[in-house]
Amino acid sequence: MDFEAHFATKLDGLHQEGRYRIFAELERQAGAFPRAKRYVDGATSEVTVWCSNDYLGMGQHPKVIAAMHEALDNCGAGAGGTRNISGTTHYHVLLEQELADLHGKESALLFTSGYVSNWAALSTLGANIPGCVIFSDEGNHASMIEGIRHSRAQKRLWKHNDPADLDRVLSEYPADVPKIVAFESVYSMDGDIAPIKDILDVAEKHGALTYLDEVHAVGLYGPRGGGIAEREGLMDRVSIIEGTLGKAFGVVGGYITGSAKLCDFIRSFASGFIFTTALPPAVAAGARASIMHLKTSQFERARHQERVRKVRAGLDKLGIPYMPNPSHIVPVMVGDPVKCKWISDLLLDNRGIYVQPINYPTVPRKTERLRITPSPLHSDADIAHLMGALGELWSHCAIARAVA
């Protein structure tokens, strides 16, 4: 086989469909978020980032940076091994205690990313509970899908955010069949929020263990940033709450929280935990500082929601279509991969605005979009600049007609 020719053909297909992805080479500016320096052919320019998952700008927060500096000076750069072989530091233990407290659980377990925590936890549960059936919301993230697939457990899909359909599918199985219901709180591309209480009611009726991904909600919702389940007073009813340290908490890593025995079970049997190097101590220290701050500070969450409302109001005034939802995510709908990339390129090259185009397979075909994520640190001037640029594109390029 001519492997190089095969690779070239597949890549050419992506180019022709308009969904070949080009990385913007950026250098985030500490203390100046959402500003970043962009590198192109050796030259640099300043851009404003409108698509970061560092939702609250905590990656730039002085407390986070100071904690990481202190841990780096104390411990050096790396953890030195897996958690089983010299990689468990005091910083890891303290962070797991902080996470367990955040979600009102007995225990927590760290992973190197949110993707890995989903993959490792679901694959381990499915593979090690005899006869287990996993009931997965059809909108679940790729990491959850891959973990369930790798487990080789039977999987049943249920209609997105539809407790009645979940009840119907669960009812097909006898009471003694072990069941896991896996779903998310905030779905990252459409920004919709699961009816958690109704889902838990159905799961409990059938004796199912519940697995809730709060990746796009932790830090952002609830009185202490515990997510949608905390906001709605439901954390105690969820068996496993999974989250990330790489979005609203501003660092990197993933985790699960649950009972002590459940976390110990995952710790003891998950290959994705056992055979990978631990997070650097400085990362753990920074994440802990971020969580501790957001447990007590309401400023970032309140300002964040106000900025989201202001962006939506601006889009409404201009008549630019976006997908309405109750979360912080603002998907501006384009509906064509070529046009979506074209708009993104014009914004970046001509106006210094970085919004990455989102296309298939991240979202279904014909729903391509610009996924805008306002932060507490975007100013009124930033919002006005964004609205002016988008309004100009929509009015001069007949995009509104093409997506209507």
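Two strands pair if DSSP finds at least two bridges between them. With that in mind, here are some close-up views of this predicted model.

**View 1. Strands β2 and β3 run side by side in an open sheet.** The sheet has four strands in the order β1-β2-β3-β12, with mixed pairing. At its edges are β1 (26-28) and β12 (353-354), each of which pairs on one side only. Look between β2 and strand β3 (residues 43-49): these two pair in the antiparallel sense, over six bridges. Y39 stands opposite T44 in β3.

View 2. F135 lies in strand β5 (residues 133-137) and Y173 in the loop between α6 (163-170) and β7 (179-184), so the pair ties together parts that are 38 residues apart in sequence. Are these two residues buried or exposed? Both F135 and Y173 are buried.

**View 3. F265 and F269 form a tilted pair.** Here the ring centres of F265 and F269 are 5.1 Å apart and the planes meet at 45°, so the pair counts as tilted. Where do the two residues lie? You will find F265 and F269 in helix α9 (residues 260-269), four residues apart, which is about one turn of the helix. F265 counts as partly exposed because its relative accessibility is 25%. F269, at 49% relative accessibility, also counts as partly exposed, because the exposed class begins only over 50%.

**View 4. R365 places its charged end over the ring of Y360.** If you focus on the side chains here, the charged end of R365 is 4.0 Å from the centre of the Y360 ring.

**View 5. The second largest pocket has a volume of about 310 Å³.** Its lining is made of 19 residues, and the closest to the pocket centre are I22, F23, A24, D345 and L348. Which elements give two or more residues to this lining? They are β2 (35-40) and α13 (337-351). Helix α13 gives the largest share of the lining, five residues. What kinds of residue would you meet around the second largest pocket? The lining divides into nine nonpolar, four polar and six charged residues.

Terms used:
Residues are numbered from 1 along each chain as its sequence is written. This is a predicted model: local features need pLDDT of at least 70, side-chain atom pairs count only at pLDDT 80 or more; totals for chains, interfaces and linings use all residues. Side-chain values use heavy atoms; hydrogens and water are left out. Buried means under 20% relative accessible area, exposed over 50%, partly exposed in between (1.4 Å probe, protein chains only). Rings of Phe, Tyr and Trp (its six-membered ring) pair if their centres lie within 6.5 Å; planes under 30 degrees apart count as stacked, over 60 as edge-to-face and the rest as tilted. A charge sits over a ring if NZ of Lys or CZ of Arg is within 6 Å of the ring centre and within 35 degrees of the ring normal. On a 1 Å grid over the protein atoms alone, a cavity is a set of points where a 1.4 Å probe fits but cannot get out, and a pocket is an open set with protein on both sides within 12 Å along at least five of seven lines; lining residues have an atom within 4 Å of a point. Grid points are joined across faces, edges and corners, and a volume is the space filled by probe spheres set on the points. Ala, Val, Leu, Ile, Met, Phe, Trp, Tyr, Cys and Pro count as nonpolar, Asp, Glu, Lys and Arg as charged, and the others, Gly among them, as polar.
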